[in-house]
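Here is a friendly note to read alongside the structure.

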Amino acid sequence: MKEREGRPHPAGAGSGWDRLERVERWLRTHPRHVGAAVAATMLATLLVQDTVDEHLWLVFTYAFPVALAGYGLGLQGGVAAALVAAAFLYDHAVRTLGIEDTVFVLATRLAGSLAVALLCALASSTARAREQYIASRARLAQLQEDLVAAFAHDIRSPLSAILGYAAMLREETEGGVPPGELVSGLRRIEANALHVDDMIEEMLSVEQADGAVRNVVTSFTADELLDRLRGELAPIARGREQQVAWLVAPGTPPLETDRRKLLSVVRNLVGNALKYAPGSAVTVSVRYDAATGTHRIEVGDQGPGIPRDALPHLFDRFYRVGGARDAEGFGLGLFIVKRMMDMLGGEVSVRSELGRGSRFLLVVPRLHPEPAVVAEARAS
């Protein structure tokens, strides 16, 4: 396919910029070579200045090593080069001008040389700071990726043991006549362990999501969704002595979306409400908006609220609100919520006021499953 006319060739442009960046970086990282080049340039100009009658040509000639010294050697090197250039120009100018004119001209040129040295030193310092910033961001990103990988790897070992022992005990107890609560508890252990494993898979999948996301779409009621979450989160709420109200508006039709992803989203929001709003009542409500054909799921609490300046960053990866630094977690929950809602084609928003709690709103559209995906979901 032919490129559009007037559009620069990416490879050529990139290679040209790469060469310029290499030269620029070399000037900042080889002070001895730059110092030698400055001295050689000034010495060469000094040797030929007696044969040149044009002072303007000499000024521009000395401006080059001054700029080179300011960029490669810093402000001190640039100032030293400017003073040496002024001395060399004075030696040449005093022969052709009167003393008063010489002093005036050289003072003006010295001021210009110092300005050149200052600007070049500032540009060099800015480029160095930018390079350090990019390097620090790259190191931070690598550390964050390593943290996610280490977290997923380390937590899977105990999960494997939990799943193995829970399955073994369930098989043994179901063969006899054990108390019903024991079997129920063992099944819950297994279900929750599988659930944590699913959460790890989801966390890793959102890190690798490239837009071509496959949703396993099924139809399920809002009551089924909330009943599943109520069973999972009830022990946490009891341990924190918090009340959770699960509400479904009358006449709410079934949802048609990826049940697993939506469970993860709502679970994260309710878990955050229980974690960051201790002693506060939590409300989870589901209703249907016929005008837009979407379900609205709202998770609210009456906790301390979120500062206004934190709201724009709330869904960023590894972001922690300043007042919650001592709380448990990695700062990934709301990042996963946002990515999951993007995969589902929905939206998530938040309203919060300090001292009056927070309310997260999910807008969940109805998805149309592919036949193969539906068959796979039913088989599983």
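1. Helix 7 passes helix 8 in a left-handed crossing (left-handed if the near helix is turned anticlockwise from the far one by less than a right angle, right-handed if clockwise). Helices here are DSSP runs of H or I with at least four residues, numbered from the N terminus. This is a predicted model, where local features need pLDDT of at least 70, side-chain atom pairs count only at pLDDT 80 or more, and totals for chains, interfaces and linings use all residues. Residues are numbered from 1 along each chain as its sequence is written, and side-chain values use heavy atoms, leaving out hydrogens and water.

2. Is helix 8 enclosed or open? Eight of the 11 residues of helix 8 (residues 333-343) are buried, so the rest of the structure largely encloses it (buried means under 20% relative accessible area, with a 1.4 Å probe and protein chains only). Among the buried ones are Phe335, Ile336 and Met340. Just after helix 8, Gly345 has a positive phi of about 75°.

3. Now for the other neighbour: the crossing of helix 6 and helix 7 is right-handed. Their contact residues divide into 10 nonpolar, no polar and five charged.

Technical notes:
Helices (H or I, at least four residues) and strands (E, at least two) are DSSP runs, numbered from the N terminus. Ala, Val, Leu, Ile, Met, Phe, Trp, Tyr, Cys and Pro count as nonpolar, Asp, Glu, Lys and Arg as charged, and the others, Gly among them, as polar. Buried means under 20% relative accessible area, exposed over 50%, partly exposed in between (1.4 Å probe, protein chains only).
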